[in-house]
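Student: I'm new to this one. Could you walk me through how to read it?

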Amino acid sequence: MRDRIAGVELTLERAPDMKAPMVQTPEILKLAHQAQQIANLLGFSVNHVLTGGASDASYATAHGVPALDGLGPVGGLDHSPDEYLVLSSVAPRTALLAGLIASIGDTQGTFTPGQ
């Protein structure tokens, strides 16, 4: 059964450029390198890989804004009833995001925690 609102009609259209996978650019590689450096300072590692899939980051990169995907907590079984996250990964990944935000305006590209 469909709910209807008198006088309201809704049409959904897919934007043509929003489904494309993220494209690797020099700016994205620089951001990925910054993330790797910050993660190393925090005692863990992150890897930059292109999977060919689309994500929310694809929206930004489709408009020329560098973005990274997959920086959230570690987990698995994505988009399933059994999806989970590793609770101990939340704080380190949040610290990584904070470090990236702090390093964005750093013209030297050298973020050091605590400075």
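**Reading a helix and its core**

Tutor: Let's start with α3, whose buried residues are Arg93, Leu96, Gly99, Leu100 and Ser103. Buried means under 20% relative accessible area, exposed over 50%, partly exposed in between (1.4 Å probe, protein chains only). Helices (H or I, at least four residues) and strands (E, at least two) are DSSP runs, numbered from the N terminus. This is a predicted model: local features need pLDDT of at least 70, side-chain atom pairs count only at pLDDT 80 or more, and totals for chains, interfaces and linings use all residues. Residues are numbered from 1 along each chain as its sequence is written, and side-chain values use heavy atoms, leaving out hydrogens and water.

Student: What covers the buried residues of α3?

Tutor: The cover includes α1, with contact meaning heavy atoms within 4.5 Å.

Student: And which residues of the largest nonpolar core touch the most other members?

Tutor: In soluble globular proteins, nonpolar side chains tend to be buried together. A nonpolar core is a set of buried Ala, Val, Leu, Ile, Met, Phe, Trp, Tyr and Cys residues joined through side-chain atoms within 4.5 Å. Of the 14 residues here, those touching the most other members are Ala35, Ala39, Phe44, Val46, Leu68, Leu96 and Leu100. The largest share, six residues, comes from α1.
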